[in-house]
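Morning, everyone. Please have a look at the model on the screen before I start.

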Amino acid sequence: MKAGPIAALILGLAACAPMGQGAGTAQRKDVPVARSAGPAQSCIPIAQISESRVRDDRTIDFRTSGNRWYRNTLPYPCSGLGFERAFSYETSLSQLCSTDIIRVIQTNPPMTRGACGLGEFQPVELVK
């Protein structure tokens, strides 16, 4: 039995992230640097996600309860993610995992485009 879709619209405050970026990706000055705060995890509980910030075409920061941040660096760039800063996902589990797929939400006209795999969730401390 498959649970109904769980979707998340995320509006980021910045674009571009330094941690885990491949060569050729520009870094903006207004993006916080992140330091590793423990071993990477395959999944995080959806119920604990309180905020998400899209940084660029490969990087999303997730804030969970307790003000803990997880940086997810996608294995490949997700076209339009950094520009639109919005995505959706669908899962039948109570967790968001590195095996899940996200879809970029285009705002004008409203529609989803492209499918991209997530990476592992790296606990981080955002440097101010």
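I'll go through the fold, the salt bridges, the pocket and one cysteine.

Ground rules come before the tour. This is a predicted model, where local features need pLDDT of at least 70, side-chain atom pairs count only at pLDDT 80 or more, and totals for chains, interfaces and linings use all residues. Residues are numbered from 1 along each chain as its sequence is written, and side-chain values use heavy atoms, with hydrogens and water left out.

Now the fold. The chain has one helix and ten strands. Those elements are DSSP runs, numbered from the N terminus: helices (H or I) have at least four residues, strands (E) at least two. Reading from the N terminus, the order is β-β-β-β-β-α-β-β-β-β-β. Of the 128 residues, 42% are buried. Buried here means under 20% relative accessible area, exposed means over 50%, and partly exposed is in between, with a 1.4 Å probe and protein chains only.

Three strands form an open, antiparallel sheet in the order E6-E8-E9. For pairing, DSSP must find at least two bridges between two strands. E6 (87-89) and E9 (110-117) are the edge strands, each with a single partner, so one side of each lacks a neighbour in the sheet. On average, neighbouring strands here are turned by 35 degrees against each other, direction ignored. The axes behind that are lines fitted to C-alpha atoms, for helices over the stretch in contact, and angles run from 0 to 180 degrees between N-to-C directions. E6 and E8 (residues 101-107) run antiparallel and are joined by three bridges. Ser88 has Arg103 in E8 as its bridge partner.

Next, charges. How many salt bridges does the structure hold? Five. The criterion is a side-chain nitrogen of Lys or Arg within 4 Å of a carboxyl oxygen of Asp or Glu.

One of them joins Arg35 to Glu125, with the closest N and O atoms 3.5 Å apart. That pair links distant parts of the chain: Arg35 sits in E1 (residues 33-36), Glu125 in E10 (residues 121-127), and 90 residues separate them. Arg35 is partly exposed at 47% relative accessible area. Glu125 is partly exposed too, at 43%.

Now look at Glu51. Its closest N–O distance to Arg53 is 2.5 Å, in a salt bridge. A salt bridge also connects Glu51 to Arg63, at 2.9 Å between the closest N and O atoms. Glu51 is in E3 (residues 49-54) and Arg63 in E4 (residues 59-64), so this pair ties together parts twelve residues apart in sequence. Arg63 is partly exposed, at 26%.

On to the largest pocket. It holds about 180 Å³ of space. By class, the lining has five nonpolar, one polar and four charged residues.

Definitions for that part:
- A pocket, on a 1 Å grid over the protein atoms alone, is an open set of points where a 1.4 Å probe fits, with protein on both sides within 12 Å along at least five of seven lines; lining residues have an atom within 4 Å of a point.
- Grid points are joined across faces, edges and corners, and the volume is the space filled by probe spheres set on the points.
- Nonpolar covers Ala, Val, Leu, Ile, Met, Phe, Trp, Tyr, Cys and Pro; charged covers Asp, Glu, Lys and Arg; the others, Gly among them, are polar.

Last stop, Cys97. Cys97 lies in E7 (residues 95-97). Buried or exposed? Cys97 is buried, at 7% relative accessible area. Its C-alpha atom is 8.0 Å from that of Gly119, 22 residues away along the chain.
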